[in-house]
Amino acid sequence: FTGAAELKATHNASAHAGTDLPFVGRKQLLNALHRATQIATAHLRGKTITIVGEAGAAKTRLIHEFTLQATG
């Protein structure tokens, strides 16, 4: 196969993380992440939160949604 390649830059971050799709099925994890950060903030203690899972398990999307909600 021979073809032309063209690089296109996008300023739409949602194109990279699939964030243009509805956020479905991860509300419980998102709520747990919010609770953990609220507890750490209330007690003025640092906390490490690790997000783990298989490839394609929506870890990046979870963090993206969390930061959107946390920053307003």
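Student: Where does glutamate 65 sit?
Tutor: In this predicted model, glutamate 65 is part of helix H3, which covers residues 59-71.

Student: Is glutamate 65 buried or exposed?
Tutor: Glutamate 65 counts as buried, because its relative accessibility is 13% and the cut-off for buried is under 20%.

Student: And what does it touch?
Tutor: Leaving out residues up to four places away in sequence, glutamate 65 touches Phe23 and Leu30.

Student: Which residues make up the largest nonpolar core?
Tutor: There are 5 residues in all: Phe23, Leu30, Leu33, Leu62 and Phe66.

Student: Let's switch to H2. Which residues are buried there?
Tutor: Leu30, Leu33, His34, Ala36 and Ala40 are buried in H2. They cover an arc of only 160° around the axis, so they lie on the same side of H2.

Student: What covers them?
Tutor: H3 is included in what covers the buried residues of H2.

Student: And which exposed residues are on the face turned away from the buried side?
Tutor: That face of H2 carries Gln28, Gln38 and Ala42, which are exposed.

Student: How far apart are the end C-alpha atoms of H2?
Tutor: They are 22 Å apart. H2 runs over residues 27-42, and its 16 residues at 1.5 Å a residue should span 22 Å, so the two values agree.

Student: What follows H2?
Tutor: Leucine 44 follows H2, and its phi is positive, near 50°.

Terms used: Residues numbered from 1 in each chain as written. Predicted model: local features only at pLDDT ≥ 70, side-chain atom pairs only at ≥ 80, totals over all residues. Heavy atoms only, no water. Helix = DSSP H or I, 4+ residues; strand = E, 2+ residues; numbered from the N terminus. Buried < 20%, exposed > 50% of the residue type's maximum accessible area, 1.4 Å probe, protein only. Contact = heavy atoms within 4.5 Å. Expected span 1.5 Å × (residues − 1). Arc of directions from axis to C-beta. Core = buried A, V, L, I, M, F, W, Y, C linked by side-chain atoms within 4.5 Å.
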